[in-house]
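Here are some notes to read alongside the structure. Take them one point at a time, with the picture open beside you.

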Amino acid sequence: MEKSFLAAAVAVVLGAGIAQSAFAQVKPEILVKQRQAKMILQGKYLGPLFAVAQGKAPYNAAAVQRDAGFLDNLTRMAWDGFDPSTRNEKSRALPAIYDNNAKFKEYANRLENEVSRLVTLSKGGDEAAVKAQIGAIGKTCGGCHDDFRQK
């Protein structure tokens, strides 16, 4: 049993090293496509949440929980696609992402925290709190887009 555990641990460590090495070799244009795909999926799950918060769609606790969970995962995925090697690739990302990376990372962290809070609130059943939290997510997204995305 100990040998199989040790073998599994070694495989995980080696796999992580290989994955990190592979990431370092990804072409900048591929990183841009990947981050754009992640952002599109974020929009897919944010759209229905925004509709609920604005009263344009009925509140469905199960759907909100599901979309919040998917969004929670997606918000943690997109940021590695903003590698400095992508600076000159065609996208709507402004150079400010790379010039003021600390502020960009602050927005990323804020979004992750706001979505995590939504996940927690969505499990509590307080519809008003969930709707308010969706609004907070929208403000965070909008602020980042104002500062770091071409119109």
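1. Which residues in α2 meet which residues in α3? On the α2 side they are Lys-38, Leu-41, Gln-42, Tyr-45, Leu-46, Pro-48 and Leu-49. Their partners in α3 are Val-64, Asp-67, Ala-68, Phe-70, Leu-71, Leu-74 and Thr-75. Sorted by class, this contact of α2 with α3 has ten nonpolar, two polar and two charged residues. Please keep in mind that you are looking at a predicted model.

2. Now for the chain as a whole. The secondary structure comes to six helices and zero strands, so from the N terminus on the elements read α-α-α-α-α-α. Buried residues make up 30% of the 151 residues. The accessible surface comes to about 9,400 Å², and 59% of that surface belongs to carbon and sulfur atoms.

3. Next, the contacts along the chain. Take those between residues at least 6 apart in sequence: 74% of them join residues at least 24 apart.

4. How are packed helices described? Two packed helices are described by the angle between their axes and the distance between the axes. Helix α2 covers residues 28-53 and helix α3 covers residues 61-75. Their axes lie 9 Å apart, and the two helices pack at an angle of about 155 degrees. Angles over 145 degrees count as roughly antiparallel, and α2 and α3 are therefore roughly antiparallel to each other. Their crossing is left-handed.

5. Helix α3 has another partner to look at, helix α5 (residues 101-122). The axes of α3 and α5 come within 9 Å and cross at roughly 155 degrees, which makes α3 roughly antiparallel to α5. The crossing of α3 and α5 is left-handed. From α3, the residues making the contact include Val-64, Ala-68 and Leu-71, while those from α5 include Leu-111, Val-115 and Leu-118. By class, the contact of α3 with α5 has seven nonpolar, five polar and two charged residues.

6. Is Ile-137 buried or exposed? Ile-137 counts as buried because its relative accessibility is 1%, and the cut-off for buried is under 20%. Leaving aside residues up to four places away in sequence, Ile-137 touches Leu-46, Leu-111, Glu-114, Val-115 and Leu-118. Ile-137 and Arg-117 are 20 residues apart in sequence, with their C-alpha atoms 9.7 Å apart in space.

Definitions and conventions:
Residues are numbered from 1 along each chain as its sequence is written. This is a predicted model: local features need pLDDT of at least 70, side-chain atom pairs count only at pLDDT 80 or more; totals for chains, interfaces and linings use all residues. Side-chain values use heavy atoms; hydrogens and water are left out. Buried means under 20% relative accessible area, exposed over 50%, partly exposed in between (1.4 Å probe, protein chains only). Contact means heavy atoms within 4.5 Å. Helices (H or I, at least four residues) and strands (E, at least two) are DSSP runs, numbered from the N terminus. Accessible areas come from the Shrake-Rupley method with a 1.4 Å probe; for residues, only the protein chains shown count as cover. Axes are lines fitted to C-alpha atoms, for helices over the stretch in contact, and angles run from 0 to 180 degrees between N-to-C directions. Angles under 35 degrees count as roughly parallel, over 145 as roughly antiparallel, 65 to 115 as roughly perpendicular and the rest as oblique. A crossing is left-handed if the near helix is turned anticlockwise from the far one by less than a right angle, and right-handed if clockwise. Ala, Val, Leu, Ile, Met, Phe, Trp, Tyr, Cys and Pro count as nonpolar, Asp, Glu, Lys and Arg as charged, and the others, Gly among them, as polar.
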